[in-house]
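Me: I am new to this structure. Could we take it one question at a time?

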Amino acid sequence: LFAFATAGALAAVLSTSPNCAAAERLRVGINLTTIETLPIYLAAEGPLRDAIALTGGAIPLLTEGKVDTVTNAETQALLRSTANPDIRVILTVAEYSYRIIARRSAGIASASDLRGKKIATQLNSSAHFSIVKMLRGAGLSEADVTVVGLMPPEMPAALARGDVDAVSIWEPAAEKSVAALGADAVILQGAAYRERFNLNTTTGVLQDPAKRKAIVDLLRVLIGTSQEARAHPERGKALIAAKLGLTEPFVSTVWSLFSFPASIPDDMLESMIEQEPWMALKQNRPARSREAIAALIDASLLRDAKASVRP
């Protein structure tokens, strides 16, 4: 078991900041539609109930100063840090193993059959990069397919109608696409790519000592709730199903595709470096150096959080 920071303690930390009103909550932006958010929901429903304020959003909410920390995939840190180089990745909340859902009736049985096909995704996202990674593993490139930009809720129906031949997207849209196709569904899992669903902040936020301490306390709690999600998945499945309007059997079906490490994976930097030239091409700019990408990852808050975790 872990000793969590209490909600009162975290609120007290924030209230000491000269820029914060008494008992102001740490502002945490989250994706309201994804299973990856689970450890933060567990924290908000439990030890940090009165200490954090959740709001839906992604990195733009952070760069606009509307939240103190926010979730998003590592691909988005690359995308947004071009204009905002003070963005920092501070924790991987979840990892997700992408797959491509394709129509068997479109002549697709393997990744090599994607040549000339239409693949829907959310453009310039981790789901988009997963297409690139899988195509490379099959000896193809993005130029060998037609990538179609769609929003996740639109994808299952578009795939079932035959508007596109395949989709690459996160849950629950991916599994809903499987269900929409039924026996016509082919699930492709090729060259391994794991989305890192991270917690991000900025150097500006971290310059406030009270907010930095509050974020460290949040990370300490997330270490515990992530362990809970791993050790006792039943509560996590029930909670995320309720939050997303899904059934528990649906969540159980895709559960094995997720992990909740509460860490910074050893291969995070290498994955971001691999993605950088692709993202640079999308943004029509030169690729940044290894050192510039490494600067986007700040492991110091996690080290501080781990140092204060008591077994």
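Me: Which residues of helix 12 are buried?
Reply: Helices (H or I, at least four residues) and strands (E, at least two) are DSSP runs, numbered from the N terminus. Buried means under 20% relative accessible area, exposed over 50% and partly exposed in between, with a 1.4 Å probe and protein chains only. In helix 12, the residues under the buried cut-off are M268, S271, M272, Q275, E276, W278, M279 and A280.

Me: How are residues numbered here?
Reply: The model is predicted, and its local features need pLDDT of at least 70, side-chain atom pairs count only at pLDDT 80 or more, while totals for chains, interfaces and linings use all residues. Side-chain values use heavy atoms, without hydrogens and water, and residues are numbered from 1 along each chain as its sequence is written.

Me: What covers the buried residues of helix 12?
Reply: Contact means heavy atoms within 4.5 Å. Both helices and strands supply the cover. Among them are strand 4 (87–97), strand 10 (194–202), helix 4 (74–81), helix 5 (126–137) and helix 13 (290–294).

Me: Where does helix 12 bend?
Reply: The bend at a residue is the angle between axes fitted to the seven residues ending there and the seven starting there. Helix 12 bends by about 35°, and a proline, P277, follows within four residues of the bend. The bend sits at E276.

Me: How far does helix 12 reach from its first C-alpha to its last?
Reply: The helix covers residues 268–282, which is 15 residues. Its expected span is 1.5 Å times one less than its number of residues. That gives 21 Å, and the reach is close to it, at 21 Å.

Me: Which residue just after helix 12 takes a positive phi?
Reply: The phi is about 55°. The residue that takes it is N284.

**Cores and rings**

Me: Which residues touch the most other members of the largest nonpolar core?
Reply: A nonpolar core is a set of buried Ala, Val, Leu, Ile, Met, Phe, Trp, Tyr and Cys residues joined through side-chain atoms within 4.5 Å. The largest one has 86 residues. Those touching the most other members are L38, L91, L199, L219, L222, F260 and M272.

Me: Are the rings of F258 and F260 stacked or edge-to-face?
Reply: Rings of Phe, Tyr and Trp (its six-membered ring) pair if their centres lie within 6.5 Å; planes under 30 degrees apart count as stacked, over 60 as edge-to-face and the rest as tilted. The structure holds seven aromatic pairs. The centres of F258 and F260 are 6.5 Å apart and their planes are at 5°, so this pair is stacked.

Me: What is the relative accessible area of F260?
Reply: F258, at 10%, counts as buried. F260 is buried too, and its value is 3%.

**Selected residues**

Me: Which residues is S130 in contact with?
Reply: S130 lies in helix 5. Its relative accessible area is 6%, so it is buried. Leaving aside neighbours within four places in sequence, its contacts are Y98, S168 and Y193.

Me: Which residues does S263 touch?
Reply: S263 sits in the loop between strand 11 (258–259) and helix 12. At 18% relative accessible area, S263 is buried. Not counting residues up to four places away in sequence, S263 touches L91, T92 and L302.

Me: Which residues does T202 touch?
Reply: T202 is in strand 10. Its relative accessible area is 6%, so T202 is buried. Residues up to four places away in sequence aside, T202 touches L62, D86, I87 and R88.

**The whole chain**

Me: What is the radius of gyration of the chain?
Reply: The chain has 14 helices and eleven strands. The radius of gyration is taken over C-alpha atoms, and the globule rule is 2.2 Å times the number of residues to the power 0.38. For 311 residues the rule gives 19 Å, and the chain is close to that, so it is as compact as a globular protein of that length, with a radius of 20 Å.
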